[in-house]
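Please read the following account alongside the sequence and the model.

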Amino acid sequence: MKGNFYHQALKLDLGEIMKGKNVLFSWIGDEDIKAFVALQSSSPPNEDGSQTKNVAYGPVAQLLNSKSFDNVYLLVTEKHSPVAKDYITWIKSQTRPKPSFKVIETGLKNATDYTEIYNNARKAIDTACDKD
C-alpha cells in the first residue's frame, strides 16, 4: 500500500510540472543489467545496431520498445554504477524514436531501503523539474 501511495504522489506531481511531455523515471535494476550482459555475450548486433536474439530484454528496454518518451531519466544505484555507462550507450542504440536520456547517479547503497529509494526518486524528480 505504501509503495502505491508513493507512486501515485510522484505521478501527480509530474502531471502538473511537466505537462504535455511523456517522461519516464526508472531505476536501472538487476534484471536490466542481467539482460544487458546476456545480450552483450551473444552474437553481434544487426547492421542498424538493434539486437535480435533469443535473450529477453530487461524491464526498462521492454518499456522503451513499447512506448515513446520525450525524456528518460535513469536512476543508478552504487551497485550498478560500474556498468551504467555501457548500459546507457546500449539502451540508446535500442530505442526508437530517440528520447532525451539523462542518468542520475544516486549513491543509493541499499535497494531495499524504501525510505532512501523514495527520497532519491523524489530528489531526482525535483532536480529534473527544476531544469526542464
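What percentage of the contacts in the protein chain with a separation of 6 or more do residues 24 or more positions apart account for? Such residues account for 76% of these contacts, a contact being heavy atoms within 4.5 Å. The model is predicted: local features need pLDDT of at least 70, side-chain atom pairs count only at pLDDT 80 or more, and totals for chains, interfaces and linings use all residues. Residues are numbered from 1 along each chain as its sequence is written, and side-chain values use heavy atoms, with hydrogens and water left out.

The protein chain holds five helices and three strands, in the order α-β-α-α-β-α-β-α from the N terminus. Helices (H or I, at least four residues) and strands (E, at least two) are DSSP runs, numbered from the N terminus. Of the 132 residues, 37% are buried, that is, under 20% relative accessible area with a 1.4 Å probe, protein chains only.

Thr95 lies in the loop between α4 (81–94) and β3 (100–105). Thr95 counts as buried because its relative accessibility is 2%. Its side chain reaches the backbone oxygen of Ile91 at 2.7 Å. Leaving aside residues up to four places away in sequence, Thr95 touches Leu64 and Phe101.

The lining of the second largest pocket comprises six nonpolar, four polar and three charged residues. Here Ala, Val, Leu, Ile, Met, Phe, Trp, Tyr, Cys and Pro count as nonpolar, Asp, Glu, Lys and Arg as charged, and the others, Gly among them, as polar.

Notes. Buried means under 20% relative accessible area, exposed over 50%, partly exposed in between (1.4 Å probe, protein chains only). A polar contact is a pair of N or O atoms within 3.5 Å; within protein, one must be able to donate a hydrogen and the other to accept it, and residues adjacent in sequence count only if both atoms are side-chain atoms.
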